[in-house]
Amino acid sequence: MSARNRRGEPDDTTHLPDLQQGITLCSTDATVDSAIHALAVDHVLLSGGEAVWIDPGTHAQTGPLAELAPSDRILDRIRVARGFTAFQHLEALRSLPGLVTRETSLVVVPQLDRYYRADSLLADEGTEMLLSGIASLATVAREQDVAVLVTRARDDE
């Protein structure tokens with residue numbers, strides 16, 4: 001069943017998930033990649049809290065965030081940590097307990113799996129690192145009572 005607008009035509013707008021405590025996987029593609037920006041700004045505004053964004057290098061851009069926010073001051077409430085390799089990214093995920101404060105209501109991790117698929121990693125090293133990163137996210141979500149929003153680089157098993 002598809003949503004319909006007032007004229008009875010199909011509604012082609014993207015429906016964003018409600019972010020609750022725990023981990024939410026948001027499926028995105030290039031046409032709706034800004035959905036994570038919209039979700040982050042929306043959640044920070046509605047919760048009155050802050051967000052921690054663990055970035056694989058290129059997603060946490062101020063342009064889309066500032067364009068969506070009613071005020072540039074909202075950007076002060078989104079802290080960004082970047083990892084440019086699998087090891088840096090995993091270290092940022094493992095450091096989350098020290099980055100999350102009582103004011104943090106959201107953790108954003110776009111393309112969670114991006115670096116752990118690299119050919120430069122040893123046989124099962126990428127899988128082990130990814131699972132360790134997911135475990136860190138699950139621990140923070142459970143113990144700190146925050147919402148965690150993740151996307152993946154590629155949809156597979």
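A residue counts as buried when its relative accessible area is under 20%. By that cut-off, 38% of the 157 residues in the chain are buried. The model described here is predicted.

Confidence comes first. The mean pLDDT of the chain is 84. A score of at least 70 is reached by 85% of the residues. Among the elements, strand S4 has the highest mean, 96. The lowest belongs to helix H2 (residues 62-68), with 80. Over residues 1-6, pLDDT stays under 50. For this stretch the model has nine contacts beyond four places in sequence. Where pLDDT is low, predicted coordinates should not be read in detail.

The chain contains five helices and five strands. From the N terminus, the elements follow the order β-α-β-α-β-α-α-β-α-β.

The five strands form an open sheet. Their order across the sheet is S1-S5-S4-S2-S3, and the pairing is parallel. Strand S1 (22-25) and strand S3 (78-82) are the edge strands, each pairing on one side only. On average, neighbouring strands are turned by 20 degrees against each other, direction ignored.

S2 (residues 50-55) is joined to S3 by five bridges, and the two strands run parallel. Val107 stands opposite Val148 in S5.

Strand S4 (104-109) is mostly covered: six of its six residues are buried. Helix H3 (residues 86-94) lies across S2 and S4. H3 runs at about 155 degrees to S2. A further helix, H5 (residues 125-144), makes a right-handed β-α-β unit with S4 and S5.

Side chains of opposite charge can pair when their charged atoms come close. With a limit of 4 Å between a side-chain nitrogen of Lys or Arg and a carboxyl oxygen of Asp or Glu, the count comes to three salt bridges.

One of these joins Arg79 and Glu50, with the closest N and O atoms 3.8 Å apart. The pair links distant parts of the chain. Arg79 lies in strand S3 and Glu50 in strand S2, 29 residues apart. Arg79 counts as partly exposed because its relative accessibility is 30%. Glu50 has a relative accessible area of 21%, so Glu50 is partly exposed as well.

Arg82 and Asp55 form another salt bridge, with a closest N to O distance of 2.9 Å. This pair also links distant parts of the chain. Arg82 is in strand S3 and Asp55 in strand S2, 27 residues apart. Arg82 is partly exposed, since its relative accessible area is 37%. Asp55 is buried, because its relative accessible area is 0%.

The remaining salt bridge is between Arg117 and Asp113. Their closest N and O atoms are 2.7 Å apart. Arg117 has 28% relative accessibility and therefore counts as partly exposed. Asp113, at 6%, counts as buried.

Salt bridges connect Arg79 with Glu50 and Arg82 with Asp55.

How values were computed
Residues are numbered from 1 along each chain as its sequence is written. Side-chain values use heavy atoms; hydrogens and water are left out. Two strands pair if DSSP finds at least two bridges between them. Helices (H or I, at least four residues) and strands (E, at least two) are DSSP runs, numbered from the N terminus. Axes are lines fitted to C-alpha atoms, for helices over the stretch in contact, and angles run from 0 to 180 degrees between N-to-C directions. Contact means heavy atoms within 4.5 Å. Buried means under 20% relative accessible area, exposed over 50%, partly exposed in between (1.4 Å probe, protein chains only). A crossover is right-handed if, with the strands pointing away from the viewer, the path from the first strand over the helix to the second runs clockwise. pLDDT is the predictor's confidence in each residue, from 0 to 100.
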